[in-house]
Amino acid sequence: MRLSFKKISLLGFAALVLSFAAFQVFSLYRSARQTLADERARLMEQNRVVFEKRLLIPHPFKNVRILQSTKTVRDFIGFRGFYFAATGGGLVQLGENGELAKHFTVLDGLPESDLTALAVYQNKLFIGARSKNLLTFDGEKFENYVWTDRKAQAVTSFLETNGSLLIGTFGGGLIEFDGKAFTEIKANDKTISAINCLYKDGAKLYVGTFDNGLWIYENDIWTHFTTAEGLPSNRVVGIAVKDKNLYVATDFGLGILQDKSFHTLAVLPSLSSLALNSNQIFLTKDNGEIFTFETSLKEFSPAENLQNARLISSENQLWLLSNQGVSAIKGAKIKPFTKTASESLTDNFISALAFDKRENLWVGTFRNGIDVFSADGRKLKHLESEALREINFLESNGEAVSAATSGGLIKFKSDFSMENLTKKDGL
């Protein structure tokens, strides 16, 4: 059957109209995509973070020694066959059994000792600092990225996603690093302040803050949750997705997201972290008390009288970090992993210094008594008691050393025995 010329003309005209319509749709789609790409490029350029990169040089004199405590651990990660711990006294490199391999300090080039967070990105160790922005370590040298257009305060958290490294800061917002440049990611054109934790599940990014609740980013849309939407507190300390449910830990308890609002599952004051390990939720309080949560809260371990306790899941292992170092959690057992160096300071909060007649150095701390070191740097004695706290002043008169504390004056003899001086002694 042969088509008539008229039908052929009509079909040709219809095909032409459809082709033109398809071209118009494609042109509109391409124009929309180009407009969106241009807008993204404009925003990226507008949100570009100005920085300086500095090579950090070790101290030139090899006969200088620094005394520091590394017991307070903020983060812990594996890198090039070792474990690394970010501590209040520098960067600590550990062997597979927790033995000390090396202690990196300001003498090795660190711009400060107070380190806060760790991540491995592009075969380098990225280190967050309390006040000196971002550090990197390639196994041999340290470099410092300084954001010159903002006061970032502390770097608090890292998250690698889509080939970039997200960096949470307390005062400088959420910053993305692609290996070459830094860009600030804003929520609805506003800086996200006081970031405390970062978490990713599929296409969703979760940003927990320590004063303004939780932000969720998906498909270019930001959603904000605070106590007004049911969070137990606006101070978020941990985030996890388990069995498609979003759990958020705050310093006042644990909540779950249901029907676009949060419902409190457990009230737990002083909650300090949440970690998901082997599909099980673990929670800890600041004092080291650990709980698990399935359908209800259960005690996993009683309080350890710790400070700044925090749980992390790293190297397929659950770890407890605190002012007493790192402990590994395996099954129902908690075992200390790090071994404190016997020659280190008890605490870095030094409030007084004095030399006795033997040239021993007496180091008074605000919370943890007194350390005594010999002239060659050996730790001779640690002195601590209920009365020996808040050391305000140390003085040596040749025969004895006196310590002014919040409870009065204490005199030490050459054998380190103590004598408390009170009002009856003429004070």
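In this predicted model, four strands form an open sheet in the order β19-β20-β21-β22, and their pairing is antiparallel. The strands at the edges, β19 (236–242) and β22 (261–267), each pair on one side only. From one strand to the next, the twist averages 25°. Strands of a sheet pair through backbone hydrogen bonds, either parallel or antiparallel.

Inside this sheet, β20 (residues 245–250) and β21 (residues 253–258) are joined in the antiparallel sense over 4 bridges. A249 stands opposite L254 in β21.

The largest nonpolar core has 26 residues, and those that touch the most other members are Y206, L214, I239, L246, L274 and L283.

The most comes from β19, with 5 residues.

Which residues does Y206 contact, leaving aside neighbours within four places in sequence? Y206 is in contact with C197, L198, Y199, D201, L214, W215, I216, I239, V241 and L246.

K204 lies in strand β16 (residues 204–209). K204 has a relative accessible area of 31%, so K204 is partly exposed: the class lies between buried, under 20%, and exposed, over 50%. Not counting residues up to four places away in sequence, K204 touches Y199, Y217 and E218. The C-alpha atoms of K204 and N219 are separated by 8.2 Å, and these residues are 15 residues apart along the chain.

Methods
Residues are numbered from 1 along each chain as its sequence is written. This is a predicted model: local features need pLDDT of at least 70, side-chain atom pairs count only at pLDDT 80 or more; totals for chains, interfaces and linings use all residues. Side-chain values use heavy atoms; hydrogens and water are left out. Two strands pair if DSSP finds at least two bridges between them. Helices (H or I, at least four residues) and strands (E, at least two) are DSSP runs, numbered from the N terminus. Axes are lines fitted to C-alpha atoms, for helices over the stretch in contact, and angles run from 0 to 180 degrees between N-to-C directions. Buried means under 20% relative accessible area, exposed over 50%, partly exposed in between (1.4 Å probe, protein chains only). Contact means heavy atoms within 4.5 Å. A nonpolar core is a set of buried Ala, Val, Leu, Ile, Met, Phe, Trp, Tyr and Cys residues joined through side-chain atoms within 4.5 Å.
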